[in-house]
Amino acid sequence: MYKQGAVGALLDVYEQAISDFKKVIEDIPDTILTNIIDQETTDENCKSIQTILSHVVSSGYGYVIYIHNLKGHNMERPDKAFHLTIKEYLEDLNKLIVYTENVFNDIEDTELEQFDESKKIITSWKQLYDIEQLMEHAIVHILRHQRQIEKFKRNLLQ
């Protein structure tokens with residue numbers, strides 16, 4: 001069942017990305033979540049599957065809270081949570097979808113693209129986005145980390 005309009009299409013694609021991501025992680029043994037799998041990275045978010053999953057969930061909330069706050073709210077991004085089971089991460093991703101849908105209940109199709117910079121979102125990394133661009137970034141973010149985990153799984157679970 002597809003949602004209606006441009007907002008609906010964006011949410012459908014986002015939810016599909018999360019659904020595909022969940023399929024990739026669902027069979028990962030809890031026992032390897034905290035194993036350091038990238039000894040060389042300096043990115044603390046990419047050292048283990050646990051840190052990647054915590055980063056993906058935290059970032060997902062960060063993106064949607066930027067959008068929510070654009071509408072005049074003053075929500076804080078939740079603290080990053082580190083879990084010891086895949087089940088907990090799957091639950092977090094489900095909650096993220098629900099939260100995102102709730103935020104987008106107040107977003108109209110006409111609000112997605114903005115050419116006026118004063119109506120755009122400035123991120124903590126100093127990039128300027130409209131809602132559509134930030135959600136596209138959120139989708140690609142999930143895809144990039146899905147690819148990363150798929151590569152780790154091929155190397156670890158052979």
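Lys95 sits in helix α3, and with a relative accessible area of 51% it is exposed (over 50%; buried is under 20% and partly exposed is in between, with a 1.4 Å probe and protein chains only). Helices here are DSSP runs of H or I with at least four residues, strands are runs of E with at least two, and both are numbered from the N terminus. Lys95 and Val57 lie 38 residues apart in sequence, while their C-alpha atoms are 9.6 Å apart in space. This is a predicted model, where local features need pLDDT of at least 70, side-chain atom pairs count only at pLDDT 80 or more, and totals for chains, interfaces and linings use all residues. Residues are numbered from 1 along each chain as its sequence is written, and side-chain values use heavy atoms, leaving out hydrogens and water.

**Helix α2 and its partner α3**

- Two packed helices are described by the angle between their axes and the distance between the axes.
- For α2 (residues 49-70) and α3 (residues 86-104), the axes come within 10 Å and cross at roughly 10°; axes are lines fitted to C-alpha atoms, for helices over the stretch in contact, and angles run from 0 to 180 degrees between N-to-C directions.
- The two helices, α2 and α3, are therefore roughly parallel to each other (angles under 35 degrees; over 145 is roughly antiparallel, 65 to 115 roughly perpendicular and the rest oblique).
- Residues of α2 that meet α3 include Leu53, Val57, Tyr61 and Val64, and among those on the α3 side are Tyr89, Lys95, Leu96 and Phe104; contact means heavy atoms within 4.5 Å.
- By class, this contact of α2 with α3 has 14 nonpolar, five polar and two charged residues (Ala, Val, Leu, Ile, Met, Phe, Trp, Tyr, Cys and Pro count as nonpolar, Asp, Glu, Lys and Arg as charged, and the others, Gly among them, as polar).

**Helix α2 on its own**

- Of the 22 residues in α2, 19 are buried, so the helix is mostly covered.
- The end C-alpha atoms of α2 are 32 Å apart, which agrees with the 32 Å its 22 residues should span at 1.5 Å a residue (the expected span is 1.5 Å times one less than the number of residues).
- Gly72 follows α2 and has a positive phi, near 95°.

- Helix α4 (residues 131-156) has 26 residues and reaches 37 Å from its first C-alpha to its last, close to the 38 Å expected.
- At the start of α4, a side-chain oxygen of Asp130 comes to within 3.3 Å of the backbone nitrogen of Glu132.
- The axes of α2 and α4 are 10 Å apart, at an angle of about 175°.
- That makes α2 roughly antiparallel to α4.
- The contact of α2 with α4 has 16 nonpolar and six polar residues, and no charged ones.

**Two residues to look up**

- Gln148 is in helix α4 and counts as buried at 16% relative accessibility.
- Leaving aside neighbours within four places in sequence, Gln148 is in contact with Cys46 and Ile52.
- Asp20 is in helix α1 (residues 5-25) and is partly exposed, with a relative accessible area of 27%.
- Asp20 and Leu143 are 123 residues apart in sequence, yet 8.8 Å apart in space, C-alpha to C-alpha.

**A loop with a positive phi**

- Lys126 lies in the loop between β1 (121-122) and β2 (128-129).
- The phi of Lys126 is positive, near 70°, in a residue other than glycine.
- Most residues other than glycine have a negative phi.

Conventions:
Polar contact = N/O pair within 3.5 Å; in protein donor to acceptor, adjacent residues only side chain to side chain.
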